[in-house]
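Please look through the sequence and the structure shown here before reading on.

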Amino acid sequence: MTTDLTRASASELADLLASGETSSVEVTRALLARTHDVDTDVHAYLHVDHDGALASARDVDERRGRGEALHQLAGVPIAVKDVLATKGLPTTCGSKILEGWVPPYDATVVARLREAGMPILGKTNMDEFAMGSSTEHSAYGPTRNPWDLDRIPGGSGGGSSAVVASFQAPLAIGTDTGGSIRQPAAVTGTVGTKPTYGGVSRYGLVALASSLDQAGPCTRTVLDAALLHEVIGGHDPMDSTSIDAPVPPVVEAARRADVKGMKIGIVRELTGDGFQAGVQARFDESVQHLVDAGAEVVEVSCPSFTAALAAYYLILPSEASSNLAKFDAMRFGLRVLPEGVDAPSAEQVMAATRDAGFGDEVKRRIILGTYALSSGYYDAYYGSAQKVRRLIADDFARAFETADVLVSPTAPTTAFRFGDKIDDPMAMYLNDIATIPANLAGVPGMSLPSGLADEDGLPAGFQILAPAAADDRLYAVGAALEQRLLASWGGPLLNRAPHLTNASIASADATAGATTSADVTKGEGA
Amino acid sequence: MSSIDTEATISYEEVLESFDPVMGLEVHVELGTNTKMFCGCATEFGAEPNTQVCPVCLGLPGALPVVNEKAVESAIRIGLALNCEIAQWCRFARKNYFYPDMPKNFQTSQYDEPIAFEGYLDVDLDDGSTYRVEIERAHMEEDTGKSLHVGGSTGRIHGATHSLVDYNRAGIPLIEIVTKPLRGAGERAPEIARAYVATLRDLLKALDVSDVKMEQGSMRCDVNLSLMPKGSTTLGTRTETKNVNSLRSVERAVRYEMCRHGAILQAGGSILQETRHWHEDTGVTTSGRPKSDADDYRYFPEPDLVPVAPPQERVEELRATLPEPPAQRRKRLQSDWGFSDLEMRDVLNAGLVDLIGSTVEAGATPAGARKWWSGEIARRANTDGAVDVATYAVERGITPAHVVELEGLVKGGRLNDSMARQVWEGVLDGEGTPTAVADARGLELVQDDGALEAAVDTVIAANPEVAQKVRDGKVQAAGALIGQVMKEMKGQADAGKAREIILAKLTG
Amino acid sequence: MAELTRDDVAHLAGLARIDLSDAELDKMVGELGIILESVAVVQQAPIEGVEPMSHPMPIVNVTRPDVVRPSLAADAVLAGAPAADQQRFSVPRILDED
């Protein structure tokens, strides 16, 4: 067999597994070997479940051998962002405060992956509690961008985008509160979808901001994203905000890739100023590809988007300050006793643990959210932000009266270097300027690669936004664009990424075993 | 520094001379649902620690709440029974504060959008008057876990080295019912507080939404109290006395706080706004946590739960399920049964209303039902330390049908009153049904008029002087003769009939 | 807009139960000031009379039937506890009753 199993898409692997040309154990082994080779450098994983993944691969192979009817993606391995509860597997959310915590239950998304027979390779790195756009805020050290190891892989789900971009997994689960699936996809040359809010269950997703969070697929192709979307989507009675309706026909839309007669709206407020020239150029080309495919371009204006970032950085910290209150050293996780205090009280232990266990960005946002909700300031901050949120939703509603989908560059820039923005929270927050409106309004969004920026040769992302519950439109447009881009590139964009194996051999020799550094219990801060 | 003793009290009379009390009562009721407010864990009281918990009620990372349908229905029914308006649209809110027995460090509650609001409850007082308690709101929330304080001397929180927490209770549905400030109660404030809680308890019991056991904490009362100088309209500073867990304590706590506030104010001091703890054993309150600006609960709409918007027709369906309000029912029954106020109060105090109701329904007269259930059996139930007569009766297999049967034996002329009493004692002793007891003891009125007439003749002959008095028109003298006849008949005669025959023979 | 002082941040840290060091407090006062200035933009938006939006989807009345589901096993409940005793979570002494 000539196919490189690590480079095959999930859809291709599904075919190979179904035809018996390969086994899930073989695929899983190949991916784990790849992780062994490259993850010392990339550091996409916080925890690799070598044995568990192989055991479930073996199980699915046996079931296939017995002729059982299996899910299409059965046997296709996947990586899961460390913000989703996995029974029996550590779940840290990239935080010291959850170091060593092993949930007694599975998130609904994880349960659905297991039901589909998809081996879980491990848990991917992330900014602590998904707060960040670079993974530099992970308590266990940053993930590196496979395109350039000195650059960020995006965030918060940098581990999930990097694991896919570095061919350690064909699929990963990410979560997106303000762009944490789409922005990492953009800067790593991969595909990521934030489904409609309520389209994928949040049960077991450790909440950052409950009204914004949404889990979704991280993949290398649009079709793979659709296939994974279908596995994890759909109503869950355990999540009150889950939409009680069938998953939109995303796979069918991805296969048809038809945009003829569709109106593509360019959001005036999300182009031009503030966007890197190369990013903007690839965006413009992509729009032309869609026109060539039969779509019509219209310009729309969403004036309230200019206040979206501000509203987001009030709503998110407010909800987060409450969501993260449960990390208090009483029932699970870290417990730190204050120094120099004799017989400390529960109150003192809580405060000492939360100071020691949370990183700076988390503390900053908790304090900010506490302020925004506090008596006397609620109306001016949280209340005003909720009103801006309504205006943004109204802007979307108006825009979708004239356009079937909206498009923009996903992120203003390509991947920046480590440390460039770490000391400037506001600069870091600006990475999400184009992705945040979708979370505020609850509408679905996708990012797919639009090419490499001329000035740095790094990937740029193209964002598609659709009305709530019309996720299938993302896939129709995404697949149509992907077809034309692939044709123009003569192959996947990721083929142009540097080969990591060469780089990693030297460091792998030096550190004697890649999995050690991926092990959460031995991980060190950057 | 002020030297005023904040724990001193003055007499109740002194308080009333100078002040008017203003009360606010907050009652927490644990609903009797099968499962918790936001998860499917069971709610059994007294289960092994931490066996009725799951990721949701333990507040594990990632877990999400889903509202218990029955709890919402119960909340609406309570609201309707309290004459409240039901919100057409309302949300849950998070009340944020840290406490070890609260798993998420926020309580999922309702803030400015309660499910029910603006109602009232009429409370009957001992003097026959009625006081209307205005209800501000009733809202849904969840209970906390329970802590066991270890290392201290008495299991109290102070002096403990650590605490052991059981989260079985965490997440049990609570309805918090809050009154508006109750003014103008004057000296009756303690009585009104008690009567309100008692009336509310009866109402909730009739609604079948809670077992309302104050001693088990399924109904808990917080008493807010302040005093206003007479003639003033400005509310004074209030204290909140927490967890007052019996009707008697509600009354005593109000009275105690009135006397304590009065002492401070009279001495020129000011009341500290604080939480107070009621001590059932000593009958005093002690200082708890000061309320201050630090109590910033940062309420905001719960994003993990969607709004509750009960359709009007559903509310009306629930309204149709409401039982007759207990006070109204009592009035109706008293009138139906023809009981005097005193008789009705005795019946109420003895907890016999339902038992008498079912006995009357089974065919007995109300007077008969009251007579048999409140006499000997009540004495025995009391002697044996039974909770109440109904329980005592059920335990011994004594039913309303027995009373109906006994009354039938009297009415049918088989037994007279004193024989019926003997039969009832036999029934209570477990000897069987009234008929069986009467048979076994050979109790039966002599129906043969010949034997009775012979006995009358004998007695008249033996008491000529008395007989002459009757002949002379002193009818009441016949009583002596009847007694003699009954003696002659060994009690097995119908006294009425004996009287008839005597009068016929002497005056006819 | 009100200026956020060091005391304000200390008070907020108390509410949020985070024992910030003096150095952290100093740093955070400045950072939060900048962020607050930036997010205050929401007050300039045309929000008068606008209904605040707490939930992205207009879903209402999601409930579950009052039917018991299995709870976790007690050992699973306590497995993650920093300390446990007598099948209960052991926590440091509690200062005051709620």
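## Chain B as a whole

Chain B holds 18 helices and 15 strands, where helices (H or I, at least four residues) and strands (E, at least two) are DSSP runs numbered from the N terminus. This is a predicted model, in which local features need pLDDT of at least 70 and side-chain atom pairs count only at pLDDT 80 or more, while totals for chains, interfaces and linings use all residues. Residues are numbered from 1 along each chain as its sequence is written, and chains are lettered from A and ligands numbered from 1 in the order in which they are written.

Of the 508 residues in chain B, 44% are buried, a term that requires 20 or more other C-beta atoms, placed from the backbone, within 10 Å of the residue's own. The C-alpha atoms of chain B fill a box of roughly 95 × 55 × 50 Å along the principal axes.

## Helix H13 of chain B

In H13(B), the residues B:Ala420, B:Val423, B:Trp424 and B:Val427 are buried. Seen down the helix axis, the buried residues of H13(B) fall within an arc of 100°, so they line one face of the helix; this arc is that of the directions from the helix axis to the C-beta atoms. Just after H13(B), B:Gly430 takes a positive phi of about 85°.

Terms used:
Buried ≥ 20, exposed ≤ 12 C-beta atoms within 10 Å, placed from the backbone.
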